[in-house]
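Subject: Handover of the two-chain model

Hello,

Here is the model you will be working with. Please open it beside this message and follow along.

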Amino acid sequence: MRVLYTVHRYGEEVVGGAETACRLFAEKLVERGHSVDVLTSCAVSYVDWANHYAPGPQVINGVQVHRVPVSQQRDPAVFAKLHGTMMRDPGKSTIADQMEWLDAMGPLLQGQESHLRRLAARADVAVFMTYLYPTTAYGVPVLAGDIPVVIQPTAHDEPPARVPFFIPVMRSADALLYLTEEEGDVASRVFGVSAPSVVTGIGLDMDGLRADGMRFRQKHNLGDDPYLLYVGRVDTFKGVSELMRYFVEYKGRNPSSLRLVLAGEQVMELPDVTDIRYVGFLDEGDKADAIDGCIALIQPSPYESFSIVLCEAWRGGRPVLVQGFSEVLAGQCLRSQGGLPYNGFAEFEGCVRRILDDPILATELGANGYEYVRKNYSWDVVMERFEQGLELGRQHHISKRRWSTRA
Amino acid sequence: MTNRVDKVLAEVKDDIMRRREAGEFAVGYVEAFESLHDAELGKLRPVGDSGVAELQSLLDRLRQRIDSLSSIERDHVRFAPVRFVRELAMSRHQLIRLNSEVKAIARAIEDIATRIIATETTRTTANLKAADHLMEVVYERTMVMEKLLVLCREMEQRINSLEQR
């Protein structure tokens, strides 16, 4: 099958869950004998969408990438103001307001429509990654009806999903590929979509890396102190401020040598707290070591559509503590029996105490998580579901065309 | 695979209830910083059955406490001065106990009041959210109606022009 992927950023240097997932899916499709074109921007950073890569075609691991310059950089101050106003009541905004907000958010690709039409002419199916950005919001209407359109929304019940502009966009899809069951529930509830769908998840190489927790401890002078680990963007909106506050309160009430280790791209100020250690961005090897050495991995983000790091912790046999507000994370824990979701400080404290006081429970949760990931998220299983989703989209498109021709 | 997670979570919640009752969580303190972060992250906590059940359980415990408030018993020793001294000592002892019981009740009432406020705030926010959703649906339907109207007008114009031909 010839697949045209559209995504807002693409490249090995690009950090981000959806972007990484898109790259992995594209590369796995190529490995399985499909031909993949990717239409994307020249940007690396979502903060300003500054053009970083050279425009034009480029082959990355067998994937034909077509980079288009961003026509206007994001002005974070202007966008923050617009975003604040829009998020107060997205349902009441006019279409003009919504488009102004989308344009300010970016990225706007120069001549996106003509590039899409040109590349779609030689594709069997078009896949759009994430519902949120103009690459999808303005791109889907260009191709819908002409070729099968499949959307991977990576949606969660967050305020931007309530912007009405996305509703018709999402409903134009011929098929939807979700990362979890809960994401499908959110999409049905928020966008009212009814197209065929498949829950793919994201694949993981189960062989993994040879991890050594001691190596990580020595590298970062952690001694023998037990630590909870957070890996991801160190950002208030990922729940890191809340996590730090809960941790400080926990330590005040439960004195011990427990530490909190934060790893990932830092986009917020960090307080100077002795028991909280920021170790910077970790490569895959260091990340596996960090997971191997931790008591449990913590995922405090309230808005996640999958959370790869959760599966990475389970692959390493570690239990997880997750933000119970996130239906996706709580659902993953309940399905896998591999972690504890907490709602509020009291439950956070209770769950941390249980994990620390009951090593048998911690081991059991980690083992359940490992088994869950092995069964559901090996790449072969995931890609079979992905291909099934593309086929569903193709069939839905054909039946829609037949219906419209008869009408 | 056993449903271990549900079991552990239920135990954690029971433990929280016990500790809350024992006064381990200062009333309003935890809620204050929780709500700060909830607002920061745009979290709207659903008001579910568990919240209502928790309130009910707190109320039941409060009733039990009030029922267990001891009254000062009469002493039946005949010799008046001894009876007086014994009653005085007993009253003092019972007053001290009563004082701590009243404090515990006041704490429980405060806790219930805080939870009612939090629950009501969440419920109001959830209602507002539902209203927003309704607005979106109405908005979307209106857009479709407008498009239909435009389409009808165009068709009318085409029919007119065809008739004129």
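This is a predicted model: local features need pLDDT of at least 70, side-chain atom pairs count only at pLDDT 80 or more; totals for chains, interfaces and linings use all residues.

Residues are numbered from 1 along each chain as its sequence is written, and chains are lettered from A and ligands numbered from 1 in the order in which they are written.

The sheet of chain A

Helices (H or I, at least four residues) and strands (E, at least two) are DSSP runs, numbered from the N terminus. In chain A, eight strands form an open sheet with mixed pairing, in the order β3-β4-β2-β1-β5-β6-β7-β8. Two strands pair if DSSP finds at least two bridges between them. β3 (56-60) and β8 (197-199) of chain A are at the edges with a single partner strand each, so one side of each has no neighbour in the sheet. From one strand to the next, the twist averages 20°. Axes here are lines fitted to C-alpha atoms, for helices over the stretch in contact, and angles run from 0 to 180 degrees between N-to-C directions.

Strand β1 (residues 2-6) of chain A is largely enclosed by the rest of the structure, because four of its five residues are buried. A residue is buried if 20 or more other C-beta atoms lie within 10 Å of its own, exposed if 12 or fewer, and partly exposed in between, with C-beta atoms placed from the backbone. β1(A) pairs with strand β2 (residues 35-41) of chain A in the parallel sense, over five bridges. Arg2(A) has Ser35(A) in β2(A) as its bridge partner. Strands β6 (residues 149-152) and β7 (residues 175-178) of chain A also run parallel, joined by two bridges; Val150(A) is partnered by Ala175(A) in β7(A).

Two helices lie across parts of this sheet. Helix α1 (residues 17-31) of chain A lies across β1, β2, β4 (63-68) and β5 (125-129), at about 155° to β2(A). Helix α8 (residues 181-191) of chain A lies across β7 and β8, at about 135° to β7(A).

The contact between the chains

Two residues are in contact if their C-beta atoms, placed from the backbone, lie within 7 Å. The contact takes 29 residues from chain A and 22 residues from chain B. On the side of chain A, α10 (240-253), α13 (327-336), α14 and α15 (359-376) each supply at least two residues. The largest share, seven residues, comes from α14(A).

Helix α14 (residues 344-357) of chain A packs against helix α1 (residues 4-21) of chain B at an angle of about 120°, with the axes 9 Å apart. That makes α14(A) oblique to α1(B). Angles under 35 degrees count as roughly parallel, over 145 as roughly antiparallel, 65 to 115 as roughly perpendicular and the rest as oblique. Ala346(A), Glu347(A), Gly350(A), Cys351(A) and Arg354(A) meet Val8(B), Val12(B), Asp15(B) and Ile16(B).

α10(A) packs against helix α2 (residues 29-41) of chain B at about 165°, with the axes 9 Å apart. That makes α10(A) roughly antiparallel to α2(B). The residues involved are Ser241(A), Glu242(A) and Arg245(A) of α10(A), and Phe33(B), His37(B), Glu40(B) and Leu41(B) of α2(B).

Regards
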